[in-house]
Amino acid sequence: MKGQFHDRGLANVAYGAARSGWAVLLGLLFTALARATEHWVSEFTSQNLANTAWAFATVGQSDA
């Protein structure tokens, strides 16, 4: 259950931020999400990984 909270929670926050229309202004949030995701990526479901990747791509957040 521990991993499910993190992967779903991170994916939902990234998705919501990307859909908000304010994602360009949320660069620090996406930086924090990227760092958090690094720690939990091995526990992500394929759906949550895809949603997170979509959110980062939507806002043009690079992998740097």
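Me: Which residues form the largest nonpolar core?
Reply: The model is predicted. In soluble globular proteins, nonpolar side chains tend to be buried together. Here the largest nonpolar core has 12 residues, namely Leu10, Ala14, Ala17, Ala18, Ala23, Phe30, Leu33, Trp40, Phe44, Ala55, Phe56 and Val59.

Me: Which element gives the largest share of this core?
Reply: Two or more core residues come from each of α1 (2–19), α2 (27–40) and α3 (46–58). The largest share is 4 residues, and the element that supplies it is α1.

Me: What percentage of contacts between residues at least 6 apart in sequence join residues at least 24 apart?
Reply: The protein chain has 64 residues, of which 28% are buried. Among contacts between residues at least 6 apart in sequence, the share joining residues at least 24 apart is 65%.

Me: How many degrees around the axis do the buried residues of α2 cover?
Reply: The buried residues of α2 are Phe30, Leu33, Thr37 and Trp40. An α-helix has 3.6 residues a turn, so residues three or four places apart point the same way.

Me: Which exposed residues does the face of α2 turned away from its buried side carry?
Reply: α2 has 14 residues and reaches 20 Å from its first C-alpha to its last, close to the 20 Å expected at 1.5 Å a residue. The face turned away from the buried side of α2 carries the exposed residues Leu28, Arg35, Glu38 and His39.

Me: Is Thr37 buried or exposed?
Reply: Thr37 has its place in helix α2. Leaving aside neighbours within four places in sequence, Thr37 is in contact with Leu10, Phe44 and Thr52. Its relative accessible area is 11%, and the cut-off for burial is under 20%, so Thr37 is buried.

Me: What distance separates the C-alpha atoms of Ala50 and Ala11?
Reply: Ala50 lies in helix α3. At 41% relative accessibility, Ala50 counts as partly exposed. Ala50 and Ala11 are 39 residues apart along the chain, and their C-alpha atoms are separated by 8.5 Å.

Definitions and conventions: Residues numbered from 1 in each chain as written. Predicted model: local features only at pLDDT ≥ 70, side-chain atom pairs only at ≥ 80, totals over all residues. Heavy atoms only, no water. Core = buried A, V, L, I, M, F, W, Y, C linked by side-chain atoms within 4.5 Å. Buried < 20%, exposed > 50% of the residue type's maximum accessible area, 1.4 Å probe, protein only. Expected span 1.5 Å × (residues − 1). Contact = heavy atoms within 4.5 Å.
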